[in-house]
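Here is a friendly tour of one protein model. Have a look at the chain first, and then read on for the details.

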Amino acid sequence: MKVQAAGGYSLIQALLGAERCVLLDGGVATELHHQHGQDHERLWGIEALASAPDDVHDLHRRYVQAGVDVITTNTWALPTVLESGIAIQPEHQTPMHWMEIARRGVRVAREAIAAEGREGDVTVAFSLNGDIDGPESQETVALLARTLARDPPDLFLLETLSVLRPSLLAAVGALLDTSIPVWLSFRRCLHGLCGVYGQHWGGPEGDAFGRAARRFEEMGVAALLVNCVPPDHVNGIMSYLRDFTDLPLGAYPNLGYYTRAGWQTGSEIGGPEYGDLALGWRAEGAQIIGGCCGTRPEHIASARDVLAGTRAGHERHRSEERRVGKECRSRWS
């Protein structure tokens, strides 16, 4: 089913055309947990859309205040809900159907943008995780398109993908058939499939990921990113991918680690440090930069400050100057 897109993607095209860095938001589920506790940890935060949409609204507003160009809906776990049959049921409340959760995700994001006076200035990306890659993916996408037809997002962000297989191509093709732009983001580094702690799964991939990038470009995917990997595992992947594709490239890694108590955001990487890292990714060629689990609005705000006025692949000297300057200040303080 084709959907009449909202038109907000033209904002992204204009930014990329002007060689400006497109700024994504940061962690959603982990930040909801950080702000409101374990109540919002289940299903990676999606339950908050049913039980506490005001909390989601407030978090989106904080990211808009941080200066992002793209807000992602709090719907990452929606395919997992469909795949597993888990009910989205707030305590002491009636279960909420996944279609209403999908509509509410877009609506809450748009309301947060409007509340900050940036309506028409921030793009809404509908987040879906890799569980969309399943035997019923095409039917699920058709239902999703029908569900969102009255208030569609500006783009689909299919993220935290892992295995490259024909069924994924079918799912991506179904999303592209909606006529809404599609971004893909993978757990990948130079060593191949990568986990949240930097562990590598499977053997060396050779150029399999690069060849897949080329195939995605030919299909009509609008951008290719990496996410859900530690910051130091982003290094080198932009240069690698650029040999295979002319797609806009981006990165949004995680900070912290997962435990039985939930995601722990404790990290020595604060806002300024994250900004320095972002400048390095920009120097390597990243055109889209944001944050995954554990990153917070202050990390994204710092990235915004240092990335302003930069060009992809042209900022290595600035990154080195910042590093040397910090060493000198530390030495003489």
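The briefing below goes from the whole protein down to single residues.

This is a predicted model, in which local features need pLDDT of at least 70, side-chain atom pairs count only at pLDDT 80 or more, and totals for chains, interfaces and linings use all residues. Residues are numbered from 1 along each chain as its sequence is written, and side-chain values use heavy atoms, with hydrogens and water left out.

**The whole protein**

- The protein has 13 helices and 12 strands; helices (H or I, at least four residues) and strands (E, at least two) are DSSP runs, numbered from the N terminus.
- Of its 333 residues, 54% count as buried, where buried means under 20% relative accessible area, exposed means over 50%, and partly exposed is in between (1.4 Å probe, protein chains only).
- Among contacts (heavy atoms within 4.5 Å) with a separation of 6 or more, 80% come from residues 24 or more positions apart.
- The accessible surface comes to about 14,500 Å², and 49% of it belongs to carbon and sulfur atoms; such areas come from the Shrake-Rupley method with a 1.4 Å probe, and for residues only the protein chains shown count as cover.

**The sheet**

- Eight strands form an open sheet with parallel pairing, in the order E1-E12-E9-E8-E5-E4-E3-E2; two strands pair if DSSP finds at least two bridges between them.
- Strand E1 (22-23) and strand E2 (70-72) are at the edges with a single partner strand each, so one side of each has no neighbour in the sheet.
- Strand E5 (residues 182-186) runs parallel to strand E8 (residues 223-227), and four bridges join them.
- Phe 186 has Val 226 in E8 as its bridge partner.
- Helix H6 (residues 98-115) lies across E2 and strand E3 (123-129), at about 145° to E3; axes are lines fitted to C-alpha atoms, for helices over the stretch in contact, and angles run from 0 to 180 degrees between N-to-C directions.

**Aromatic rings**

- The structure holds six aromatic pairs; rings of Phe, Tyr and Trp (its six-membered ring) pair if their centres lie within 6.5 Å, and planes under 30 degrees apart count as stacked, over 60 as edge-to-face and the rest as tilted.
- Tyr 240 and Phe 244 form a tilted pair, with 5.2 Å centre to centre and 55° between the planes.
- Tyr 240 is buried at 19% relative accessible area, while Phe 244 is partly exposed at 23%.
- Tyr 274 and Trp 281 are an edge-to-face pair, because their ring centres are 5.6 Å apart and their planes are at 80°; both residues are buried.
- Phe 186, Phe 209 and Phe 216 are linked into a cluster by ring pairs.
- Arg 188 has its charged end over the ring of Phe 209, 5.2 Å from the ring centre; a charge sits over a ring if NZ of Lys or CZ of Arg is within 6 Å of the ring centre and within 35 degrees of the ring normal.

- Gly 198 is in the loop between strand E7 (192-193) and helix H9 (208-219), and it is buried at 11% relative accessibility.
- Leaving out residues up to four places away in sequence, Gly 198 touches Pro 230 and His 233.
- Gly 198 and Arg 188 are 10 residues apart in sequence and 9.7 Å apart in space, C-alpha to C-alpha.
- His 60 belongs to helix H4 (residues 53-65) and is buried at 0% relative accessibility.
- Not counting residues up to four places away in sequence, His 60 touches several residues, including Ile 71, Asn 74 and Val 108.
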